[in-house]
Amino acid sequence: MSELRLYDAMAREKRDFVPADPGRVTMYVCGPTVYGRAHVGNFRPEVVFDVLGRVLRHRFGANALVHARNITDVDDKIMAAAEREGVAPSAVASRYEAAYAEDAAALGVVPPTLAPRATEHIGQMIALIERLIAAGHAYEAAGHALFHVPSDPDYGVLSRRDREAMLAGARVEVAPYKRDPADFVLWKPSAPGVIGWESPWGRGRPGWHLECSAMIGAHLGETIDIHGGGIDLQFPHHENELAQSRCAHRGVPLARYWLHNGFLNMGEMAKMSKSLGNVATVPELLAAGHRGETIRLALLSAQYRQPLAWTEALLVQSKATLDRLYRAAGDAPSAEPDAGVLDALDDDLNTPLALARLAAIEDAGGIRASAALLGLLGGSADGWFQGGAEDAGAIEAAIVARLDARKRRDFAEADRIRADLAEHGILLEDGAGGTTWRRA
RNA sequence: GGCCCGAUGGCGGAGUGGUGACGCAGAGGACUGCAAAUCCUCGCACGGGGGUUCGAUUCCCCCUCGGGCCUCCA
């Protein structure tokens, strides 16, 4: 077996993946702020780290992985949405948390081991701030608690930001109560009537970066193996998270490997969406006739760090690829995964190469087992080709009528029946064992 | 403006200092009443300009274009 190698943003190179404890591999991926329906791009990390989870379980054992993905359920955008709708922020949060789970499930994502919510860890967050203040890394000012960036000589190691350049390019006015322009909020005051919790610094709510540090500490430990998220989160979110945790934990690093997925390039879709006044969400894509597994394959068609051009054509192509794979896999039970596919995934999750090798596998059981590492081909071939079609009985009847016509050599009638079915999205195939049908 | 990443055939996308995977689409053939599926064959692409080198798509520099970040966007 080859070594699993992952590109670590901290080292800026691929490194052999060696967990601190092979019996308990810990992975934390930044999850959604639940203020609205997430679009497909939001699910790239979800699918990518789901594949990584599958690879890790294959390598270290089915129960060896602890995979946490947070839900940010307190945030100004949630409050704004609640305000608009005249409902409680918790109502907005729980609605979109459910929607997120539903969309992720449609893409074949295994629910993470843990899905902690920010609002359920306020106590831990307050305790973390107190530790930071006691250690001289944070201070209180005007009802806020702030992290003092100059107190941390290692600040910036992850994103390698040049402090001067950062300040020069700052687009946002510096709040007057900050001791240093780079200081960031750990806790901020809540006005009466809006969501908030009592704290040593008055009634308020946590800053964005704090929850991840607190929940990682509470559920996974001081140092985790893998920390993941979108490339946009590298700075400031992960940098700040890292600084908070390291400073609160005597300099112990927060994560051993930092992974960031690239963005979907929404060029064409964005244009399409713009004219429709919305963005491409999973339910919209499903309603347009694309299946979750098709969307999943499309999301895996580029290596996760690369940008991926997201287009309608990509979905059409992904569907055709699945047709072929399901046909090749048939009803074979899962066997052993292919070494070539494993090697490709071991090389920093090279999913396009894995897909290429998957296409070359001869043995059906090997196809299924290998596809399972990618979270594909989870269903039966019949389910893929015929599932969801309405009125299978009528289709069967039409097939019988067509066979009868063919026996009479009335090919005009036979072709008319076939064309009629095709108009309803049903394709016929005359094989050696008789005529079968499938959805277009 | 600063920092960072990307640019490969019609499309998606691997990979590499020395004859450029794979998939989808397309073309031709076999098969079929005709199709579909399957099998065989084919298309000969590394953004532009310099440089290093015996040789660059691969390394270096510049340019162009696209994307990300620059305090709460996956």
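Which residue of β4 is the bridge partner of Y28? It is A68. The model is predicted. One sheet has four strands with parallel pairing, in the order β4-β3-β9-β10. The other also has four strands, in the order β5-β6-β7-β8, but its pairing is antiparallel. RNA strand B is surrounded by 55 residues.

**Parallel sheet: overall layout**

- The strand order β4-β3-β9-β10 describes an open sheet, and the pairing is parallel.
- Its edge strands are β4 and β10 (255-261), each pairing on one side only.
- From one strand to the next, the twist averages 20°.

**Parallel sheet: the β3/β4 end**

- Strand β3 (residues 25-29) pairs with β4 in the parallel sense, over five bridges.
- Two of the residue pairings can be named: Y28 has A68 as its bridge partner in β4, and T26 has V66.
- Strand β4 (residues 65-69) is mostly covered, with five of its five residues buried.
- L65, H67 and R69 point one way from β4, while V66 and A68 point the other way.
- Both groups are buried, so the list of buried side chains in β4 includes H67 and R69 as well as L65, V66 and A68.

**Parallel sheet: the β9/β10 end**

- Strand β9 (residues 224-230) and β10 also pair in the parallel sense, here over six bridges.
- G229 has H260 as its bridge partner in β10.
- Strand β10 is mostly covered: six of its seven residues are buried.

**Antiparallel sheet**

- The order β5-β6-β7-β8 again describes an open sheet, with antiparallel pairing.
- β5 (138-141) and β8 stand at the edges; each has a single partner strand, so one side of each lacks a neighbour in the sheet.
- Ignoring direction, neighbouring strands of this sheet are turned by 20° against each other on average.
- Strand β6 (residues 144-147) runs antiparallel to β5, and four bridges join the two.
- Within this pair, A138 stands opposite F147 in β6.

**Loop between β7 and β8**

- S190 is found in the loop between β7 and β8.
- The relative accessible area of S190 is 10%, so this residue is buried, the cut-off being under 20%.
- The side chain of S190 makes a polar contact with the side chain of R205, at 3.1 Å.
- A191 lies in the loop between β7 (184-189) and β8 (204-206).
- A191 is partly exposed, because its relative accessible area is 43% and that class runs between 20% and 50%.
- A191 and G204 are 13 residues apart in sequence, and their C-alpha atoms are 7.8 Å apart in space.

**Surface around RNA strand B**

- Of the 55 residues that surround RNA strand B, the closest are K77, K188, G230, D415 and R418.
- By class, this surface has 25 nonpolar, 15 polar and 15 charged residues.
- Helix α11 (residues 312-329) gives the most to the surface near RNA strand B, with six residues.
- Sugar or phosphate accounts for 58% of the atoms of RNA strand B within 4 Å of the protein; the rest belong to bases.

**Polar atoms facing RNA strand B**

- Q317 reaches a base: an N or O atom in its side chain is 2.7 Å from a base nitrogen of RNA strand B.
- L264 also faces a base, with a polar backbone atom 3.1 Å from a base nitrogen of RNA strand B.
- Q303 faces phosphate instead: one of its backbone N or O atoms lies 3.0 Å from a phosphate oxygen of RNA strand B.

Definitions and conventions. Residues are numbered from 1 along each chain as its sequence is written. Chains are lettered from A and ligands numbered from 1 in the order in which they are written. This is a predicted model: local features need pLDDT of at least 70, side-chain atom pairs count only at pLDDT 80 or more; totals for chains, interfaces and linings use all residues. Side-chain values use heavy atoms; hydrogens and water are left out. A residue is near a molecule or strand if one of its heavy atoms lies within 4 Å of it. A polar contact is a pair of N or O atoms within 3.5 Å; within protein, one must be able to donate a hydrogen and the other to accept it, and residues adjacent in sequence count only if both atoms are side-chain atoms. Ala, Val, Leu, Ile, Met, Phe, Trp, Tyr, Cys and Pro count as nonpolar, Asp, Glu, Lys and Arg as charged, and the others, Gly among them, as polar. Buried means under 20% relative accessible area, exposed over 50%, partly exposed in between (1.4 Å probe, protein chains only). Two strands pair if DSSP finds at least two bridges between them. Axes are lines fitted to C-alpha atoms, for helices over the stretch in contact, and angles run from 0 to 180 degrees between N-to-C directions.
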